[in-house]
Each structure stands twice: as C-alpha cells, then as structure tokens.
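Hi,

Here is the model I promised to pass on.

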Amino acid sequence: MTGGSSAAAPQAAFEALALQYLPDLMGSALRMTRNWEDAQDLTQDTLVRAFRGFRGFRPGTNFKAWVFRIMVNTYINSQRRSARRPRTMSWEEVPGEGETGGFDPLAEGSQPEHTTLAALPDETLQRALNDLPDDFRIPVLLCDVENLSYKDIARLIGIPLGTVRSRIFRGRQRLRKALTQGSVSA
Amino acid sequence: MARHAASTVGPHTAEPGRQEARLGQHIVSLAGTVDEQLDLLAPVFGAALASDCRCLFIADRTAPEAFTSGMVRRGCNTGEALASGQFQLLTSDRTYLRDGHFDADRMLDTVGDAIEAASEGGWGGLCGAGEVTWVHRGIPGVDRVVEYEYRLNELEGLSSAAIICLYDRERLPKRLGTELRKVHPLVHVNGTVAGSSEFVMGATRAAEVPLVEDLEPPADQLPCERLSELLSAYADGQVAPSRGDQIGRHLRTCSRCRREVETYRALKTSLTGLRTASGVDAGFWVKVRRQLGSLASPD
C-alpha cells in the first residue's frame with residue numbers, strides 16, 4: 001500500500017495507512033508518555049501533524065518510520081516546553097563516580113546480572129524504565145525498545161552523538177541499579 | 001559586590017589592540033603561545049573585574065604563578081581579586097580532568113553551577129576562561145570535547161557569562177580546529193576576536209557534532225572503569241570499527257568487561273521484549289478521524 005497517491009481522497013489514503021499502524025504507534029506513545037491518556041493525546045497530535053504534512057510523505061517509503069519520527073519530535077518538543085534542566089552538584093560536591101552513586105556493578109560478590117536481568121518480568125522492567133528521568137528514558141527507549149541507531153536517535157532528539165551514548169549508558173546504569181537492588185517502585 | 005548586572009566585561013568601545021568580551025559570548029581562543037593568550041585575557045579580565053563580575057581561570061599549560069604575574073605585567077591585578085574572592089584560579093586536574101578523565105556532562109554541570117553561583121552571589125556575571133590544552137594528552141573522555149563545546153552554547157544562564165576556551169593552536173589537529181570553529185560563535189586567532197562564519201546551532205547541527213575518537217587512547221589501553229560507557233555502546237554495535245577491534249581484543253583477556261557487555265546485551269534483549277503493540281479503542285479512532293476531517297486536506 002502506498003500513501004498520498006490518491007490526490008482526490010488524501011484523507012482516505014492517510015487513514016488507511018494510519019489505521020494499519022495505529023496499534024504500533026499507540027504502543028510507542030504509551031512507552032513514551034507512560035500513561036494511557038497522554039499516549040492517546042500524543043498519538044492524536046502526531047496523526048494530526050502527520051496529516052498536515054502528508055504531502056511531504058513519499059509514497060512507497062516507510063510510513064511507520066515517517067510517523068514515528070513525527071511522534072518523537074512531538075513528544076520531545078512538548079517536554080522541552082514544560083521541562084527545566086534539573087540542577088546537579090557543584091564541583092566540590094561531585095563524588096568520584098557521580099552517576100553511579102556508589103553502585104559498582106563490577107564489585108566482588110555481584111550476582112551474574114545478565115541472568116537476573118533476563119529473568120525479570122516485563123512489568124518490573126517497564127516500571128524501572130518508567131521511573132527514569134526523560135533525558136535518559138527516551139534515548140534508552142529509542143535504542144533498546146525501538147531498536148534505533150545512535151545516529152538516528154541523535155537526529156530524532158536533536159542532540160549530539162556523544163550525548164546519546166552517554167545518556168544511554170547512564171540510563172542503563174540507573175536501570176541496573178534499580179533492577180538488581182530492588183528499588184523499582186511498586 | 002555588584003549592584004547591577006553588567007552587559008559587557010570589556011571596554012564598551014573597542015580600542016585598537018584591546019579585546020572585548022560581552023556577557024553571553026562563547027569564544028574559542030586558538031593562540032599559539034601563552035603570551036598571545038594572556039594578551040587576550042588581561043584586558044578582558046581587567047574589564048570584568050571593574051564590572052563587578054566574578055572571574056575564573058582554569059590553568060593547564062600555564063602555571064598559576066605565571067598566569068598571575070603575566071596578568072600583573074599587563075596591568076590586570078588579579079592578585080587583589082584573588083584575595084577578595086572575586087577571582088578564582090583553578091587547575092585542570094580539579095575541574096576538566098577530575099578523577100583523571102574528562103566527563104563532558106560533569107563539566108557542563110560545573111560551568112552551569114559556577115554561573116549560578118556568580119548570580120546568587122550578587123556578581124554582575126561570570127567571566128570564565130579555561131585552558132583546554134590537555135586535549136592532546138590522550139585523556140579518557142576527550143572524544144566528547146566538541147560535544148561539550150557545542151552544549152555550552154545551550155547552557156542555561158549563558159547570557160550572564162562570558163566563556164573563553166583556550167586551545168593550543170600549535171598542537172591542534174586540523175580536524176579539531178575546524179570543528180571548534182563550528183561550535184563557537186567567536187574565534188580568537190592572531191590577536192583578534194572575530195565572528196566564526198562556520199558557527200551553526202540547531203537540532204540538525206547537534207546530531208552532526210562528532211566524537212573525536214582519534215584523540216583518545218586506544219580502547220584496549222584504557223582502565224576498565226573508563227571503558228564502561230564504550231562497552232555499553234559496543235553492546236549496541238555503535239562504536240567505530242577500529243574501536244570495536246580494540247574492545248574485542250580487551251574482552252578476550254578481561255572477564256569483568258565481558259560480563260559487563262553480557263549484562264548490557266541481556267538488558268537490551270529484555271527491553272526489546274517490551275516492544276508490543278497496544279490495543280486501540282474504537283472511540284479513539286473515531287475522534288481522530290473527526291479531527292482529520294475538520295482539517296479538510298493536508299497542507
């Protein structure tokens with residue numbers, strides 16, 4: 001199926017494509033927003049924006065990837081409007097390993113983490129992911145759940161490649177700490 | 001203490017041979033010698049001190065004593081300001097290179113906190129200059145130095161600071177020099193400060209800011225605790241091929257790092273399992289269709 005080919009009925013062409021991928025889009029929106037109501041709003045906003053720009057969509061190309069890009073942009077922009085950068089510590093206060101906060105996954109006596117992590121129920125993983133601040137959660141989500149490359153994530157969020165690498169790493173460190181030390185909220 | 005915010009930290013009217021730095025500016029200095037660098041800094045710091053700005057210098061290639069005496073010889077008495085606390089003289093090993101490596105995020109927080117502290121302290125702004133002349137020394141984390149410079153432009157509070165990043169032109173790899181001009185609005189070279197025609201900001205530009213991997217030591221020569229971030233990227237298949245080979249060599253002999261990679265892969269596999277589609281109720285789709293209908297046709 002291609003999109004935009006029917007100039008006489010662009011809405012019908014758009015709707016046919018949108019409906020086909022709606023469950024996937026809603027799933028991505030739910031993972032980003034973490035609640036059903038916001039996921040519906042995000043999906044709706046995304047589809048409205050996508051419809052407005054539908055003439056820019058090239059028939060035969062990946063509609064889902066095109067709309068997904070719009071969805072991530074819509075979400076990131078909405079977060080940028082409402083968020084303020086959280087303050088951190090001064091140089092006199094920064095501990096040696098600021099991000100790990102004393103968590104050393106390589107310390108003697110650690111359990112084989114890969115075994116523990118592989119056996120975790122989805123609900124526990126989802127809760128741990130949901131608890132991450134957005135700066136870390138979105139890159140981890142895009143990398144590990146949506147399976148995008150660092151370059152694609154950098155382009156989608158509009159941040160440098162090194163920031164993507166760092167945020168994924170730091171997000172994972174927080175996840176590991178939460179999942180292996182049992183601090184995931186109920 | 002300042003009673004009002006200063007808009008400039010240099011002379012309001014630029015005089016021949018004098019340098020000016022305004023609050024909100026981010027300048028890269030590509031000076032070939034320490035003297036050329038001090039010629040830039042003395043009038044800038046002198047004006048900043050006169051404007052009740054907090055001043056900060058991070059020394060790397062210049063010994064702190066040589067900096068102070070160089071300033072005094074050029075008519076800027078930083079000694080008095082140091083005693084009063086208006087001027088702070090730090091070294092790279094306590095700032096950029098704390099714990100022996102460069103952490104771009106940590107340093108951005110540090111600069112942000114210094115700007116905030118100057119504001120909360122009632123100063124007219126912050127005038128900070130730092131020698132980034134350690135980039136040639138194979139410091140772990142140096143691959144993110146261009147990203148750090150780019151993100152300084154987006155720093156909250158930059159409008160109340162003037163930041164001067166001092167590099168050693170004689171030892172600067174050509175590629176790094178080109179990238180630095182792209183991420184600094186102003187460039188100091190050959191004794192003058194001018195706008196950089198290559199400077200661009202924006203989301204598209206952000207994604208193009210490179211990692212400068214060739215400045216870092218080979219991955220298999222890094223201590224394990226400095227490898228973690230690279231191992232996370234390695235587990236994703238997101239490191240350059242040459243780095244991947246180096247990490248692969250290290251993993252053959254290091255069981256701790258192998259476990260680390262296995263852990264990232266296990267986490268990735270588990271998270272990928274969350275990628276399920278969600279159900280959509282019919283009422284939602286009706287609502288979307290109605291809104292699309294009200295838009296008539298795509299733009």
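Before anything else, keep in mind that this is a predicted model.

Chain B has 11 helices and 7 strands. Of its 299 residues, 46% are buried. If you take the contacts in chain B with a separation of 6 or more, 77% of them join residues 24 or more positions apart.

The chain splits into two parts: domain 1 of chain B covers 26-213, and domain 2 covers 218-272. Between the C-alpha centres of these two domains I get 33 Å.

Now the sheet. In chain B, 7 strands make an open sheet with mixed pairing, and the order across it is β3-β2-β4-β5-β1-β6-β7. Which strands stand at the edges? They are β3 (87-91) and β7 (192-195) of chain B; each has a single partner strand, so one side of each has no neighbour in the sheet. From one strand to the next, the twist averages 20°.

As a reminder, strands in a sheet pair through backbone hydrogen bonds, and the pairing is either parallel or antiparallel. One pair to click on is β1 (residues 26-31) with β5 (residues 161-168) in chain B, which is parallel and runs over 6 bridges. Within that part of the sheet, His26(B) sits opposite Ile163(B) of β5(B).

A helix packs on this sheet too: α4 of chain B, residues 104-120. What does α4(B) touch there? Its partners are β2 (54-59), β4 (126-131) and β5 of chain B, and the helix direction makes about 150° with that of β4(B).

Last, the place where the two chains meet. There, 60 residues of chain A are in contact with 57 residues of chain B. On the chain A side, the helices that each supply at least two residues are α1 (10-33), α2 (36-52), α4 (113-118), α5 (122-130), α6 (134-145), α7 (150-157) and α8 (161-180). The largest share comes from α1(A), with 11 residues. By class, the side of chain A that touches chain B has 30 nonpolar residues, 17 polar ones and 13 charged ones.

If you want to follow along on screen, I'd go through it in the order above.

Cheers

Technical notes:
Residues are numbered from 1 along each chain as its sequence is written. Chains are lettered from A and ligands numbered from 1 in the order in which they are written. This is a predicted model: local features need pLDDT of at least 70, side-chain atom pairs count only at pLDDT 80 or more; totals for chains, interfaces and linings use all residues. Helices (H or I, at least four residues) and strands (E, at least two) are DSSP runs, numbered from the N terminus. A residue is buried if 20 or more other C-beta atoms lie within 10 Å of its own, exposed if 12 or fewer, and partly exposed in between; C-beta atoms are placed from the backbone. Two residues are in contact if their C-beta atoms, placed from the backbone, lie within 7 Å. Ala, Val, Leu, Ile, Met, Phe, Trp, Tyr, Cys and Pro count as nonpolar, Asp, Glu, Lys and Arg as charged, and the others, Gly among them, as polar. Domain bounds come from an automatic or database domain assignment. Two strands pair if DSSP finds at least two bridges between them. Axes are lines fitted to C-alpha atoms, for helices over the stretch in contact, and angles run from 0 to 180 degrees between N-to-C directions.
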